[in-house]
Amino acid sequence: MEVVAAIAAWAISSACRNVPTGSLFAPLCNRGVNVDELAARLSSGAKVYGPGSDVFIEATTRWSSLDAPGINVVVVPSVESDVAETVKYGNEKNIPYLPVNGGHGAIITVGKMQGGIEIWMNSLNTVEIAADGKSAKIGGGTLSKTVTDSLWAAGKQTSTGACECTSILGPGLGGGHGFNQGRYGLVADQFLSMNIVLANGSLHTIDENSDLWWAMKGAGHNFGIVTSVTSKIYDVESPDWAYVVYTFTGDKIEQLYETAKNHLLKNGTQPKDVVNYSYYINLPDVDPNNTVVLFYLLQGGVKVVDPEITNPFVAVGPAATTSAAGTYLDLPAWTGNGNADSPCQKVGLVNTRFPLDVETYDIQAQRDVYDLFSKATHETPALNGSLFLFEGYSLQGVKAVPAESTAVSYRGDNLLFSPLIIYPPGGDELEKQATQLGEDLRQILHKATGRKNMHTYVNYAFGTETKEEMYGFEDWRQKKLLDLKNKYDPDRKFSFYAPIA
């Protein structure tokens, strides 16, 4: 199959040689890649795949099928220089390229990349712990579970995303929330240095002495392809974690979130080893006619979540309770973010998010979005698999980093909300309905903040957000980002994922 795919790609390339640049058919011809020519420039371990091969299908299948990029060839780098050579080749042939790690970037702006090369980073997946045990060099395609497991085996840990099947760098370049951020800060806050392929195809090692360093921690997708990163790591102080999850029916919304606001969040002073997740979700076995709430409390350093934390929520009156003890390695599975769970399955569904960063819960808004979400997802069965995520991480490590020191824009916000609208592709009307629902839910919450400007988390962005909403409204931030973009990527080669320009 790979031979046939290579011949097909060669045929397209050959047929296009005599097509004028301004021809109506020129955009089609730009998709042509001479596979043999490209492969000859790469290391002996690199692979190049065309449509029809099993690897091509695996590499190009994404978590969300909406506005997926159009891929003509997949390059699997074996060494970091393969990435640089692929970028140079794309530049010479006027062919766009897009790096891919876990394939969970659901933002619709990636759909603007058509007829291009996917650089599938999954073979750059090593974790090398430094001799002093204070840092680790992590390959650019390494997934979170590989990082966590490798470090844990050595008695170490760091900040990673909550989901096992996303990469360390996908979330990290946009900030990167996670269970350990109360202790250590965001994923991006751990970066010490990185190897990066710039838009001209040159490979560089940069650190805090580079003017680009600031932008790579929060807006990094816009400036290059990170082939490896060296990050801070830490001793595991206690392996123990515990969790409890309560199931609440919809009549408990006001009391539940009032309790969370006053007893747990407490103006952003949540204990550093306590994490709170909650979901609005449809569970017919609990309530066939209405959405319910799953409310998680997770705590590190204990075998049972502290009763001082849990008792106020028990008093609200859950319909069901589940609890367990384990280690940090269990957190993804406990919260539904493990490799076996639905967020890690690529089954052709549309998964769109509409994120909002806020300071606190507005109780009436929690009721309003519950009512709208429950009504809409029950009236339209295709949307019934959707959920609404409310993330309440501890914040001490995040807020210890000065806000102006990185491109992460909204460190002062305490909560991350996001409706996740899930549905099988079903035509323009369903897509329009689903998108409108997600935006309506977000706007209810935004209006309740009393803010003029909407704060959104770039890694969850739908794709219609403004650059100010993703990267901050301060004039100096936007100017600094644009100046760096003009310096390092004047031709806008890296402008498919949440572009700043």
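Colleague: How many bridges join strand β6 to strand β10?

Modeller: Two strands pair if DSSP finds at least two bridges between them. Here β6 (residues 135–139) and β10 (residues 225–232) run antiparallel and are joined by five bridges. G139 stands opposite S228 in β10. Strands are DSSP runs of E with at least two residues, helices are runs of H or I with at least four, and both are numbered from the N terminus. Bear in mind that this is a predicted model: local features need pLDDT of at least 70, side-chain atom pairs count only at pLDDT 80 or more, and totals for chains, interfaces and linings use all residues. Residues are numbered from 1 along each chain as its sequence is written, and side-chain values use heavy atoms, with hydrogens and water left out.

Colleague: Which strands form the open sheet, and in what order?

Modeller: The order is β5-β6-β10-β8-β9, five strands with antiparallel pairing. β5 (127–129) and β9 (203–207) stand at the edges with a single partner strand each, so one side of each has no neighbour in the sheet. On average, neighbouring strands are turned by 15° against each other, direction ignored.

Colleague: Which strands does helix α5 lie across?

Modeller: Contact means heavy atoms within 4.5 Å. Angles run from 0 to 180 degrees between N-to-C directions, and axes are lines fitted to C-alpha atoms, for helices over the stretch in contact. Helix α5 (residues 80–93) lies across β6, β8 (191–197), β9 and β10, at about 145° to β10. Helix α6 (residues 144–153) lies across β5 and β6, running at about 30° to β5.

Colleague: At what angle do α10 and α13 pack?

Modeller: Angles under 35 degrees count as roughly parallel, over 145 as roughly antiparallel, 65 to 115 as roughly perpendicular and the rest as oblique. Helix α10 (residues 253–265) and helix α13 (residues 363–379) pack at about 135°, with axes 9 Å apart. That makes α10 oblique to α13. I253, E254, Y257, E258 and K261 of α10 make the contact with I363, Q366, R367 and Y370 of α13.

Colleague: And which cysteines does the disulfide join?

Modeller: A disulfide is a pair of cysteine sulfur atoms within 2.5 Å. The search of the whole structure finds one; C165 is joined to C344, S to S 2.1 Å. The link is left-handed, with -95° about the S-S bond. C165 sits in the loop between β7 (156–157) and α7 (169–172), and C344 in the loop between α12 (331–334) and β16 (350–353); this pair links distant parts of the chain, 179 residues apart.
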